Amino acid sequence: MPCYSYVFFDLLPDLGSLPRAEIEAGKEAFVQCLRGRGNLRAEAYVTLGLKPGTRFMLHLNAWEAADIARAVSWLLHTPLGSRLRVTHSLTGLVRSSQYNPGHASKESSPEAPHRYLTVYPFTKTEAWHQLPYDERRAMMKEHVEVGRKYSSSISQLLLYSFGIDDQEFIVSYQMDSLEEFQSLVMELRGTRGRVYTKSDTPIFTGVHTSIEEALDTL
């Protein structure tokens, strides 16, 4: 399914005033609403304590952006969802690589997800897009070669957001060791293409969990 969205949620102040039984019933309705949509795949990540203004994130995947928009609308109209607010969202599409046609990056298997996910919006400078294709391709080859050193334990998913969101790309990594991932990022900072980065923040890190456990952060 080519469309992905990372949707971050926080709670509204009035949620804490509700009776515990009503909150628990609201959680169940929220989960059932999400799992009842066969055209959508959803994974949950806890972001509480890792990024201000967010409690959890839903990593949503569907064939069409309209399917994701519809699902989030339904969620926000559940009794619990009406007391949540979306604080951030990132949306992009899977496409073949510009520099290696026929190849598209791939995230880890849903059946064996990594413990952590780090995701951020990414935009290149205007100067990058004006460079000759072969020059850009050579720099991206260097970037890819660094990534391959860590590919056995870190999965990357690159999404294209041109024209449909504020950034040009969404970069997503899944891993079990944040220290190893940090080593990858530090090494990538030294590649030639780094100078053509316009923006690559905010960075979000989440801990993989069930949807039920994500709602327990509320």
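The legends below describe close-up views of a predicted model.

Local features are reported where pLDDT is at least 70 and side-chain atom pairs at pLDDT 80 or more, while totals for chains, interfaces and linings use all residues. Residues are numbered from 1 along each chain as its sequence is written, and side-chain values use heavy atoms, with hydrogens and water left out.

**View 1. The largest nonpolar core has 27 residues.** A nonpolar core is a set of buried Ala, Val, Leu, Ile, Met, Phe, Trp, Tyr and Cys residues joined through side-chain atoms within 4.5 Å; buried means under 20% relative accessible area, exposed over 50% and partly exposed in between, with a 1.4 Å probe and protein chains only. Phe30, Phe56, Leu58, Leu60, Leu215 and Leu218 have the most contacts inside this core. Two or more residues each come from strand 1 (3-11), helix 1 (20-35), strand 2 (40-46), strand 3 (56-62), helix 2 (65-76) and helix 6 (211-215), where helices (H or I, at least four residues) and strands (E, at least two) are DSSP runs numbered from the N terminus. Helix 1 gives the largest share, five residues. Apart from this core lies another, of 14 residues, including Val146, Val171, Tyr173 and Met175.

**View 2. Three buried residues of helix 5 (residues 178-188) are Phe181, Leu184 and Leu188.** They lie on the same side of helix 5, because they cover an arc of only 55° around the axis, the arc being that of the directions from the helix axis to the C-beta atoms. The buried residues of this helix pack against strand 5 (116-124), helix 4, strand 6 (154-160) and strand 7 (169-175), whereas the face turned away from the buried side carries the exposed residues Glu179, Gln182 and Met186.

**View 3. Arg136, in helix 4, is buried yet has no salt bridge.** A salt bridge is a side-chain nitrogen of Lys or Arg within 4 Å of a carboxyl oxygen of Asp or Glu, and the nearest side chain of opposite charge to Arg136, that of Glu135, is 8.0 Å away. Leaving aside neighbours within four places in sequence, Arg136 is in contact (heavy atoms within 4.5 Å) with Tyr99, Trp128, His129 and Leu131. Asp134, also in helix 4 (residues 133-148), is exposed, with a relative accessible area of 59%.

**View 4. Arg85 and Asp10 form a salt bridge, their closest N and O atoms being 3.7 Å apart.** The pair links distant parts of the chain, with Arg85 in strand 4 (residues 84-93) and Asp10 in strand 1, 75 residues apart. Arg85 is partly exposed at 38% relative accessibility, whereas Asp10 is buried at 12%. The count of salt bridges comes to twelve; among them, Arg194 and Asp200 meet at 2.8 Å, N to O, and Arg20, Glu24, Lys27 and Asp216 are linked in a network.

**View 5. Cys3 is in no disulfide, and the nearest cysteine sulfur, that of Cys33, is 18 Å away.** A disulfide is a pair of cysteine sulfur atoms within 2.5 Å, so the sulfur of Cys33, 18 Å from that of Cys3, is too far for a bond. Cys3 counts as buried at 1% relative accessibility, and Cys33 counts as buried at 16%.

**View 6. The peptide bond from Thr201 to Pro202 is cis, with omega near 5°.** Pro202 lies in the loop between strand 8 (197-199) and strand 9 (204-209).

Terms used. Lys, Arg positive; Asp, Glu negative; His and termini not counted.
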